[in-house]
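Please keep the sequence and the structure in view while reading.

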Amino acid sequence: MTSTTERYRATASQSASTVEKIADFWTQGSKKLTDYVPAGVPQVDLVPIVERYFEFVQRTVDISRDLTIKWAESAGMLSGVVREQAELAEQAEKEMVREARKAEREQAKHAHDKARERYEGLTKAELSDLLDKRDLPKTGNVDELIERLVEADSK
């Protein structure tokens, strides 16, 4: 047996002993009180009153328990909803990042295409002259020469 179980039993035993002592005290007090009550005074049966009182207390405890359980269930559902909302927000954020990257790539491609436009239609010789003026290599096909000029412009 664990020490926790032993302590629990000792506490429960002590509590039961205390309740018995209190009941004995009340019984003795009631007997002493009835000794002082004059003859002819009607006796009052307190048992039904006490029973009704404890029924009321029990109903109050039951209602409190039910209400607390409903609150706990609501809190559990609320935490689930919050978790679900957080997951949706995280997915939305990831989607926004993807869209932003896509937009950046499209914008960069558009800027690159726009930069190429000024060199489109030039001959290989004209492109080579422009590269020579910038001390850049003049070898390669027309697309490579244009790319070299666009890269130099972006620096």
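This is a predicted model: local features need pLDDT of at least 70, side-chain atom pairs count only at pLDDT 80 or more; totals for chains, interfaces and linings use all residues.

Contact here means that heavy atoms lie within 4.5 Å of each other. In that sense, S128 touches K138 and L145, when residues up to four places away in sequence are not counted.

**Packing of α3 against α4**

- Two packed helices are described by the angle between their axes and by the distance between those axes.
- The axes of α3 and α4 come within 10 Å and cross at roughly 30 degrees.
- Angles under 35 degrees count as roughly parallel, and α3 and α4 are therefore roughly parallel to each other.
- The crossing in which α3 passes α4 is left-handed.
- On the α3 side, the residues that meet α4 are K124, L127, S128, L130 and L131, while α4 contributes V142, L145, I146, R148 and L149.
- Sorted by class, this contact of α3 with α4 contains seven nonpolar, one polar and two charged residues.

**Packing of α2 against α4**

- Helices α2 and α4 pack at an angle of about 110 degrees, and their axes are 10 Å apart.
- This angle makes α2 roughly perpendicular to α4.
- H112, A115 and R116 in α2 meet D143, I146, E147 and V150 in α4.
- By class, the contact of α2 with α4 has three nonpolar, one polar and three charged residues.

- Y119 lies in the loop between α2 (47-117) and α3.
- Is Y119 buried or exposed? Its relative accessible area is 2%, so Y119 is buried.
- Leaving aside neighbours within four places in sequence, Y119 is in contact with L127, L130, R134, I146, L149, V150 and D153.
- Y119 and D35 are 84 residues apart along the chain, and their C-alpha atoms are separated by 122 Å.

- L149 is found in helix α4 and is buried, with a relative accessible area of 0%.
- With neighbours within four places in sequence left aside, L149 is in contact with Y119, L127, L130, L131 and R134.
- Which distances separate L149 from F25? The two residues are 124 residues apart in sequence and 107 Å apart in space, C-alpha to C-alpha.

- S128 is found in helix α3.
- Residues under 20% relative accessible area are buried, so S128, at 15% relative accessibility, counts as buried.
- D135 is found in the loop between α3 and α4.
- At 71% relative accessibility, D135 counts as exposed, because the cut-off for exposed residues is over 50%.
- The phi angle of D135 is near 60 degrees, which is a positive value in a residue other than glycine.

How values were computed: Residues are numbered from 1 along each chain as its sequence is written. Side-chain values use heavy atoms; hydrogens and water are left out. Axes are lines fitted to C-alpha atoms, for helices over the stretch in contact, and angles run from 0 to 180 degrees between N-to-C directions. Helices (H or I, at least four residues) and strands (E, at least two) are DSSP runs, numbered from the N terminus. Angles under 35 degrees count as roughly parallel, over 145 as roughly antiparallel, 65 to 115 as roughly perpendicular and the rest as oblique. A crossing is left-handed if the near helix is turned anticlockwise from the far one by less than a right angle, and right-handed if clockwise. Ala, Val, Leu, Ile, Met, Phe, Trp, Tyr, Cys and Pro count as nonpolar, Asp, Glu, Lys and Arg as charged, and the others, Gly among them, as polar. Buried means under 20% relative accessible area, exposed over 50%, partly exposed in between (1.4 Å probe, protein chains only).
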